[in-house]
Amino acid sequence: MARKAPVECPVCREPTDANEQLEDHLLAAHTKRKLATFIVAEAALLVDGDAK
């Protein structure tokens, strides 16, 4: 039986543990500030594009 590859965290670019959900990883491994910074940066890219 084929296994799914671990999901890569978009914040730290590390794969999650085999049985770990991405949401659980984000809550355990990253601070609220780090998550907020990531979200703001992603939103800016959507609005401004890659022009910067």
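This dialogue walks through some features of a predicted model.

User: What should I know before reading the values?

Analyst: The model is predicted, so local features need pLDDT of at least 70 and side-chain atom pairs count only at pLDDT 80 or more, while totals for chains, interfaces and linings use all residues. Residues are numbered from 1 along each chain as its sequence is written, and side-chain values use heavy atoms, with hydrogens and water left out.

User: How are helices assigned, and where is histidine 30 placed?

Analyst: Helices (H or I, at least four residues) and strands (E, at least two) are DSSP runs, numbered from the N terminus. Histidine 30 sits in the loop between α1 (22-29) and α2.

User: What span should helix α2 have?

Analyst: The expected span of a helix is 1.5 Å times one less than its number of residues. Helix α2 covers residues 32-48, which is 17 residues, so it should span 24 Å. Its end C-alpha atoms are 24 Å apart, in agreement.

User: Which residue follows α2, and what is its phi?

Analyst: Glycine 49 follows α2. Its phi is positive, near 75 degrees.

User: Which residue has a positive phi although it is not a glycine?

Analyst: Arginine 13 does, with a phi of about 60 degrees. Arginine 13 lies in the segment before α1.

User: Is arginine 13 buried or exposed?

Analyst: Buried means under 20% relative accessible area, exposed over 50%, and partly exposed in between (1.4 Å probe, protein chains only). Arginine 13 is at 52%, so it counts as exposed.

User: And histidine 30: buried or exposed?

Analyst: Histidine 30 has a relative accessible area of 10%, so it is buried. Histidine 25, in helix α1, is at 9% and therefore also counts as buried.

User: What polar contact does the side chain of histidine 30 make?

Analyst: A polar contact is a pair of N or O atoms within 3.5 Å; within protein, one must be able to donate a hydrogen and the other to accept it, and residues adjacent in sequence count only if both atoms are side-chain atoms. The partner here is the side chain of histidine 25, at 3.3 Å.

User: Which residues does histidine 30 touch?

Analyst: Contact means heavy atoms within 4.5 Å. Leaving out residues up to four places away in sequence, histidine 30 touches Cys9, Val11, Cys12, His25 and Leu35.

User: What about the leucines in the helices?

Analyst: Leucine 26 is in helix α1. At 21% relative accessibility, it counts as partly exposed. Beyond four places in sequence, leucine 26 touches Cys9, Val11 and Leu35. Leucine 35 belongs to helix α2. Its contacts, with neighbours within four places set aside, are Val11, Leu26 and His30.

User: Where is proline 15, and what does it touch?

Analyst: Proline 15 is in the segment before α1. Not counting residues up to four places away, it touches Pro6, Val7 and Glu8. Its C-alpha is 9.6 Å from that of histidine 25, ten residues apart in sequence.

User: How is a pocket found, and what lines the largest pocket?

Analyst: On a 1 Å grid over the protein atoms alone, a pocket is an open set of points where a 1.4 Å probe fits, with protein on both sides within 12 Å along at least five of seven lines; lining residues have an atom within 4 Å of a point. Twelve residues line the largest pocket, and the closest to its centre are Lys4, Ala5, Pro6, Val7 and Ala18.
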